[in-house]
Amino acid sequence: MKSLFVAQKDEDVKYIQVTDHIPENNTRESDNFLHLPTGYQKMIITNNWDDVGNIEGIPVIHVIDFLTK
């Protein structure tokens, strides 16, 4: 299950992809961002610690780290 959200405050726009986990050898989570306008912050939030890192310049963070920032 996954969801894509757009958050905006004034001129600051962020695209946030939320997923339980990123399937191995699957780029669907990051491919969704390829069709979005450039210049905006993009991030993937996951519930799986093994997915944390970076995919093609898009930060992948754990949901707990996102909530505690």
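Student: Before we start, what kind of model is it?

Tutor: It is a predicted model: local features need pLDDT of at least 70, side-chain atom pairs count only at pLDDT 80 or more, and totals for chains, interfaces and linings use all residues. Residues are numbered from 1 along each chain as its sequence is written, and side-chain values use heavy atoms, with hydrogens and water left out.

Student: Great. Which residues form the largest nonpolar core?

Tutor: Eight residues: Val13, Tyr15, Ile22, Phe33, Leu36, Ile44, Ile58 and Val60. A nonpolar core here is a set of buried Ala, Val, Leu, Ile, Met, Phe, Trp, Tyr and Cys residues joined through side-chain atoms within 4.5 Å. Buried means under 20% relative accessible area, exposed over 50%, and partly exposed in between (1.4 Å probe, protein chains only).

Student: Which elements give two or more residues to this core?

Tutor: β2 (12-19) and β5 (58-62). Helices (H or I, at least four residues) and strands (E, at least two) are DSSP runs, numbered from the N terminus.

Student: And what does Ile44 touch?

Tutor: Leaving out residues up to four places away in sequence, Ile44 touches Gln17, Thr19, Ile22, Glu29, Ser30, Phe33, Ile55, Ile58, Pro59, Val60 and Ile61. Contact means heavy atoms within 4.5 Å. Ile44 also stands opposite Val60 in β5.

Student: Now the strands. How many bridges join β3 to β5?

Tutor: Three, and these two strands run parallel. Two strands pair if DSSP finds at least two bridges between them. β2 and β3 are also parallel, over six bridges, with Ile16 bridged to Met43 in β3.

Student: What about β4 and β5, parallel or antiparallel?

Tutor: Antiparallel, over three bridges. The bridge partner of Gly53 in β5 is Val60.

Student: Why call β3 largely enclosed by the rest of the structure?

Tutor: Because five of the six residues of β3 are buried. β5 is mostly covered too, with four of its five residues buried.

Student: Where is Thr46, and is it buried or exposed?

Tutor: Thr46 is in strand β3 (residues 41-46), and it counts as buried because its relative accessibility is 1%. Beyond the residues up to four places away in sequence, its contacts include Asp51, Val52 and Val60.

Student: Val52 is new to me. Where does it sit?

Tutor: Val52 is in the loop between β3 and β4 (53-55). Val52 is partly exposed because its relative accessibility is 38%. Together with Trp49 and Ile64, Val52 forms a nonpolar patch on the surface, with about 300 Å² of accessible area together.

Student: Last topic, backbone angles. What is the phi of Asp10?

Tutor: Asp10 has a positive phi of about 55°, although it is not a glycine. Asp10 lies in the loop between β1 (2-9) and β2, and it counts as exposed because its relative accessible area is 65%.

Student: And what is the phi of Glu56?

Tutor: Positive as well, about 50°, and Glu56 is not a glycine. Glu56 is in the hairpin of β4 and β5, which has two residues between the strands.

Definitions and conventions:
Patches are made of residues with over 30% relative accessible area and no salt bridge: like charges are joined within 9 Å, nonpolar side chains (Val, Leu, Ile, Met, Phe, Trp, Tyr) within 5 Å. Accessible areas come from the Shrake-Rupley method with a 1.4 Å probe; for residues, only the protein chains shown count as cover. A salt bridge is a side-chain nitrogen of Lys or Arg within 4 Å of a carboxyl oxygen of Asp or Glu.
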